[in-house]
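Here is a short report on one chain of a model.

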Amino acid sequence: MKKTLLFVGMELRSLKPYRVSILILIVLATGLGFFFGSSHALSSYLMMVLILLMTYPFSISEKNRLDTLYSTLSINRKTVVRGHYSFALMAEAVFIVLAILFSWIMSLFIGAKFDIMETLFSISLLSGVFSLLVAIQFPIYFKYDYSKAKILAFIPLFIVFLGIIQFPLLTELLGIKFPWTDISFVTSDIPAYIFFAPFIFGLVLLWLSCVLSCRLYAKRDI
Amino acid sequence: MNNILELNGVFKSYKTFALEDITFALPRGFVMGFIGPNGAGKTTTIKLILNMLQRNAGTIKVFGKDNIFYEQEIKEKIGVVMDNTFYVDEWSLKDIERTLKPFYKRWDSGKYNSFLSDFRLDVNKKVKEISRGMKMKLMIAIALSHEADLLILDEPTSGLDAVARNELMEILSEFIEDENKGVLFSTHVTPDLEKIADYITVINNGRILYSGIKDDLLEKYVIIRGGLDVLDDEFKTKIIGCREHNVGFDGLIDSSVLPLLPKNIITERSNLDEIIVRFNNWRENK
C-alpha cells in the first residue's frame, strides 16, 4: 500500500510540467458551466477534463521511458498498475469535491438552482461514466504503448460522447420529452440509495479492470 | 563461488531474433564486460535480468535469489545506468531526488548531493537541460546514492567523450573496491573494458560465445597473418573471421592450435575489439 501511494506521488510529480494546462482546462470547464448557468453542464465539462487528464500519465510515461524507470525501482508491476488506478480514483474524488463546490458557488453567485440530491445524482452518473471509460481504456494502455493504444482507447470515449450528443436527438425523434436542464423528475421519483448505484457500479468496474490490467501488464515486454 | 549474478539456460524468442541458452555468472567483487556487436542481444539480456521482459526458459538469480520472485528486494540493491535517461524531462535534479528517495531504504541524500557537486551538476537544472555526458553522470549518481551492490550498465559510454569515459572508469574502479559489489558493463566500446573488466562475456547473434576471465580470453585467441600460399581449406576452417586480401590473410585463431601452424605465420596478441569483429564476421559467413 505504501509503495502504491509513493507511486501516486510520482505520478503527480510527472504531471508537474502540465500543471498550467490542467489548471487552464479546469478554469475553462468551470467558466463554460457558469456561462450556461447549469451545474450539470459544469460537472460534465469537469468530467471531460478528468477523462483527458487520465491519458496524461501514459503519454508522459512513454515520452520519458518511465516504464524503464519503474523497472529499476523496488516495486513490482502490480504496484505500477494499482498506482495508476489509485491516481484515477484520487482524481475522481477531487472531481466530486470540485463539482459539488462549484455547483454551490454557482448557486450563490448567479442564482442557479442548487439541489444537493440532484447534484449528487448527476455526479454519481458522471462518475459511473468516468469509471466505465477508465475501466475500458486503462487495460488497453497497459497492454500496448500509449502511441499504439491511443486510437483504440479513444473509441469508447468517442462512443460515449457521440451517445450523449445523439441521445437528445434520438428522444426527439421518438417523441419522448426529456427535460435535459432539469433532472429533478428523476431524483424525486427514485429512492436515494439508487442515486449512488452508478458510482458504486463504476467502482466495481474499476476493480475488475485493475485485475485485468495487472495480468496484461505483467505479461508485457517493456 | 559467491556469484552476485547468475544466468542459467535463459531463452527469449521474438519473431526475428532469439536469445538462446544464455548462461554466465558474475562473481562478487568483479567487473564483467558484456560485449558484442549492436543487435547481439546485450540489452535484451539486461532487460531479462531486470524483469522488463518475460523469459521463455531458464533461471536468473541476483544475489542468489530469483529475479522475479524476489524482485522488490533485489531491486533495492541494483543500480541501473542505461544509454539514455528514463526520468521526466521537465524534472529538475532536485525533483528526481524527491521522487526516487522514498523508494529506497538506503538512499543517502548527502551522497547524492556530493556526487552532483563532484560532477558539477546543478540540482536546479532540468533533465532536458543537461548534456548526454551529464545525464550519464546523473544516472551514476542515482545508482550509487542508494548504496547499490550490483551496478548494471547498458552502453553507458556510447556517445561520450574520452574524458567522460575515463571519469566513469574511475568511479567504477572506486565502486568495485568493495568486494561485495559487482558490475555488469555492457558495451561495444571495448577499450574501456580492457582497463577495468576482470571477466568478459561475449555475445553474438543471441548466443554466448565466451564467458570467463578477460585475460584468459585474450590469451585464448591470437591474431595471425600470413601469405596466401599457406592458406588451404583445412587451415581456413580453424581461422575465426578470416580476411583474405591481395598479399595474404589475417584472422583470429585459438592459441591451442598455434603449434600446428606453419612457421611463416606471424602472430599478434588480440584485443577485445578484434575478437568481437572476427567472431561477428565468422558468424555471418557461417
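In strand 13 of chain B, B:Leu252 stands opposite B:Ile223. This is a predicted model: local features need pLDDT of at least 70, side-chain atom pairs count only at pLDDT 80 or more, and totals for chains, interfaces and linings use all residues. Residues are numbered from 1 along each chain as its sequence is written, while chains are lettered from A and ligands numbered from 1 in the order in which they are written.

**The sheet**

Strand 11 (residues 221–226) of chain B pairs with strand 13 of chain B over 6 bridges, in the antiparallel sense. Strands here are DSSP runs of E of at least two residues, helices are runs of H or I of at least four, and both are numbered from the N terminus. Two strands pair if DSSP finds at least two bridges between them.

Strand 13 (residues 249–254) of chain B is also joined to strand 12 (residues 239–244) of chain B by 4 bridges, and the two run antiparallel. A hairpin of 4 residues links strand 12 of chain B to strand 13 of chain B. B:Glu244 stands opposite B:Phe249.

These pairings belong to an open sheet of 4 strands in chain B, with the order 12-13-11-14 and antiparallel pairing. Its edge strands are strand 12 and strand 14 (266–269) of chain B, and each pairs on one side only. Neighbouring strands of this sheet are turned by 20° against each other on average, direction ignored. The angles are taken between axes, which are lines fitted to C-alpha atoms; in general they run from 0 to 180 degrees between N-to-C directions.

**Two positive phi angles**

Two glutamates have a positive phi although neither is a glycine.

A residue is buried if 20 or more other C-beta atoms, placed from the backbone, lie within 10 Å of its own, exposed if 12 or fewer, and partly exposed in between.

**The whole chain**

Chain B has 10 helices and 14 strands. Of its 286 residues, 41% count as buried. The C-alpha trace of chain B spans about 70 × 40 × 35 Å along its principal axes. Among contacts in chain B with a separation of 6 or more, 71% come from residues 24 or more positions apart. A contact means that two C-beta atoms, placed from the backbone, lie within 7 Å.
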